[in-house]
Amino acid sequence: MTKKIKLFLPLLAIALLAGCTKNLDLTTLSGEWYVAQINGETVSNLAKAPYFGIENGKLNGNTGCNSFSADLPQKGAQLDFSKMVTTLRYCPDNETEQKLYAALRSCKQAKGNAEAFVLTDERGGELVACHKRTLTAELLEGKWYAQVIDGQAVPQSESETPFIGFDTKKGSLYGFTGCNRLTGSFSLKDLQAGKADFSALGSTRMLCQDAKWERPFLDALAKTKQLRLAGNYLFLNDENGKQLVKLSQKE
């Protein structure tokens, strides 16, 4: 079940949003930003909050239902999202998506900085306010199921899919290999800095002949040195940044 978590902006982020007066070239940015407000209305459901990703002069993101992408204009040119490419998943109850698309069609410029910015119309009216996306305890909490291990797609099954879970209040980690249970601990501060080390996890010792994913999952966890949040996924990477495991939470 999707978690219903309200998004409370830190005071610093609110101050940054309120002070977004400097013109901003989005092509100079790299990373991800939450959509915090649309037409002055706060987006309160963190689990389905839209977000933007910007990399190499291209914008991509998710509305909470559909994914979208667009090329960003050259420095000095107006924003134009009229040719934005989107997926066509049907989500009848996602009013936020409809409001976001309507606002983006009128966006012509950006103001702010790398931590927080607003997209405005040609007269400077604020339409979409965004702030930097970080790995919070609320986002991390709960089970993350393996979607891909070592480049191979993992079938999704409640009883067999490997996962790792985070109890952020206790700082404890738990998991399942498809056969055995995992236990351990973690530092939220380290994970927020992109550092991860799962090499010292404890495990039960059941023998399961059909546990196809156990060894690849354990091997990947042992090699993990980096953790990255991108979109609605967690990526576990080795010390060179190579992807080992892609995980997501159940809706």
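Mentor: Let us begin with charges and rings. The charged end of Arg133 is placed over the ring of Tyr51, 4.6 Å from the ring centre. Such a placement requires NZ of Lys or CZ of Arg within 6 Å of the ring centre and within 35 degrees of the ring normal. This is a predicted model, in which local features need pLDDT of at least 70 and side-chain atom pairs pLDDT 80 or more, while totals for chains, interfaces and linings use all residues. Residues are numbered from 1 along each chain as its sequence is written, and side-chain values use heavy atoms, without hydrogens and water.

Trainee: Over which ring does the charged end of Arg228 sit?

Mentor: The criterion is the one just given for a charge over a ring. The charged end of Arg228 lies 4.9 Å from the centre of the ring in question, that of Phe235.

Trainee: How many aromatic pairs does a search of the whole structure find?

Mentor: Rings of Phe, Tyr and Trp (its six-membered ring) pair if their centres lie within 6.5 Å; planes under 30 degrees apart count as stacked, over 60 as edge-to-face and the rest as tilted. On that basis, the number of aromatic pairs in the whole structure is seven.

Trainee: What is the angle between the planes of Phe163 and Phe176?

Mentor: These two rings form a tilted pair, 6.2 Å centre to centre. The pair links distant parts of the chain, with Phe163 in strand 12 (residues 163–167) and Phe176 in strand 13, 13 residues apart; strands are DSSP runs of E of at least two residues and helices runs of H or I of at least four, numbered from the N terminus. Ring pairs also join both residues into a cluster with Tyr145 and Tyr174. The angle between the planes of Phe163 and Phe176 is 40°.

Trainee: Is Thr177 buried or exposed?

Mentor: Thr177 lies in the loop between strand 13 (172–176) and strand 14 (181–185). Buried means under 20% relative accessible area, exposed over 50% and partly exposed in between (1.4 Å probe, protein chains only). Because its relative accessibility is 1%, Thr177 counts as buried.

Trainee: Which side chain is joined to that of Thr177 by a polar contact of 2.7 Å?

Mentor: A polar contact is a pair of N or O atoms within 3.5 Å; within protein, one must be able to donate a hydrogen and the other to accept it, and residues adjacent in sequence count only if both atoms are side-chain atoms. A polar atom of the Thr177 side chain lies 2.8 Å from the backbone nitrogen of Asn180. The contact of 2.7 Å is with the side chain of Glu214.

Trainee: Within what arc do the buried residues of helix 5 fall?

Mentor: The buried residues of helix 5 (residues 214–223) are Glu214, Phe217, Ala220 and Leu221. Seen down the axis, they line one face of the helix, because the arc within which they fall, taken from the directions from the helix axis to the C-beta atoms, is 135°.

Trainee: Which residues are exposed on the other side of helix 5?

Mentor: The buried residues of helix 5 pack against several strands, including strand 12 and strand 13. On the other side of helix 5, the exposed residues are Arg215 and Lys223.

Trainee: With which side chain does that of Ser67 make a polar contact?

Mentor: Ser67 is in strand 5 (residues 67–71) and is partly exposed, with a relative accessible area of 35%. Its polar contact, at 3.3 Å, is with the side chain of Asn62.

Conventions:
Contact = heavy atoms within 4.5 Å.
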